[in-house]
Amino acid sequence: MVVLIDKVTQGGLAALGNLFELAAYDLSEFKGTSVNENGVYLKTNKCKDCFEDPIYSLFFIRVDGEATSIHLWRVIPA
């Protein structure tokens, strides 16, 4: 098994959005949310905003070449 951490690039935004949606689904059990009228859990998918904001760093965790999860790091000013 090969595990890699890759920084998200512009070309990875679609996959990032899909993984954000899966995370929203996973958390729906705890948050008590359900799908909206469009059949998705997220009202707005702000992954592109996070990608473009310099205080965030977005990474894919890949196992054997497949994106399995995401990590979002935020710089907190001192």
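Me: Where in the chain is the place of Phe60?

Reply: The place of Phe60 is in strand S2, where helices (H or I, at least four residues) and strands (E, at least two) are DSSP runs numbered from the N terminus. This is a predicted model, in which local features need pLDDT of at least 70 and side-chain atom pairs count only at pLDDT 80 or more, while totals for chains, interfaces and linings use all residues. Residues are numbered from 1 along each chain as its sequence is written, and side-chain values use heavy atoms, with hydrogens and water left out.

Me: Why is Phe60 called buried?

Reply: A residue is buried under 20% relative accessible area, exposed over 50%, and partly exposed in between, with a 1.4 Å probe and protein chains only. Phe60 has a relative accessible area of 2%, and is therefore buried.

Me: Which residues does Phe60 touch, not counting residues up to four places away in sequence?

Reply: Contact means heavy atoms within 4.5 Å, and on that basis Phe60 touches Leu4, Ile5, Asp6, Val8, Gly12, Ala15, Leu16, Leu19, Ala67, Ser69 and Ile70, once residues up to four places away in sequence are set aside. Gln10, 50 residues from Phe60 in sequence, is 13 Å from Phe60 in space, C-alpha to C-alpha.

Me: Which residues make up the largest nonpolar core?

Reply: A nonpolar core is a set of buried Ala, Val, Leu, Ile, Met, Phe, Trp, Tyr and Cys residues joined through side-chain atoms within 4.5 Å. The largest such core has 9 residues in all, namely Val8, Leu13, Leu16, Leu19, Phe20, Cys47, Cys50, Leu58 and Phe60. Helix H1 (13-31), H2 and S2 are the elements that give two or more residues to this core, and the largest share, 4 residues, comes from H1. Cys50, one of the core residues, is in contact with Tyr56, Leu58 and Leu72, leaving aside its neighbours within four places in sequence.

Me: What makes the pair of Asp6 and Arg62 a salt bridge?

Reply: The rule asks for a side-chain nitrogen of Lys or Arg within 4 Å of a carboxyl oxygen of Asp or Glu. In the pair of Asp6 and Arg62 the closest N and O atoms are 2.8 Å apart, and the two residues form a salt bridge. This pair links distant parts of the chain, with Asp6 in strand S1 (residues 3-7) and Arg62 in strand S2 (residues 56-63), 56 residues apart.

Me: Are Asp6 and Arg62 buried, exposed or partly exposed, and what values say so?

Reply: Asp6 has a relative accessible area of 28%, so the residue is partly exposed. Arg62, at 22% relative accessibility, likewise counts as partly exposed.

Me: Which residues is His71 in contact with, leaving aside its neighbours within four places in sequence?

Reply: His71, which lies in strand S3 (residues 66-74), is in contact with Ser57, Leu58, Phe59 and Ile61 when those neighbours are left aside. The C-alpha atoms of His71 and Asp6 are separated by 9.9 Å, although the two residues are 65 residues apart along the chain. His71 is partly exposed, because its relative accessible area is 38%.

Me: Why is Asp64 called exposed, and what is its phi?

Reply: Asp64 counts as exposed because its relative accessibility is 52%, and its place is in the loop between S2 and S3. Asp64 is not a glycine, yet has a positive phi of about 50°. Most residues other than glycine have a negative phi.

Me: What pattern does the protein chain follow along the sequence?

Reply: The protein chain has 2 helices and 3 strands, and its pattern is β-α-α-β-β. Buried residues make up 22% of its 78 residues. Of the contacts with a separation of 6 or more, 52% are between residues 24 or more positions apart.
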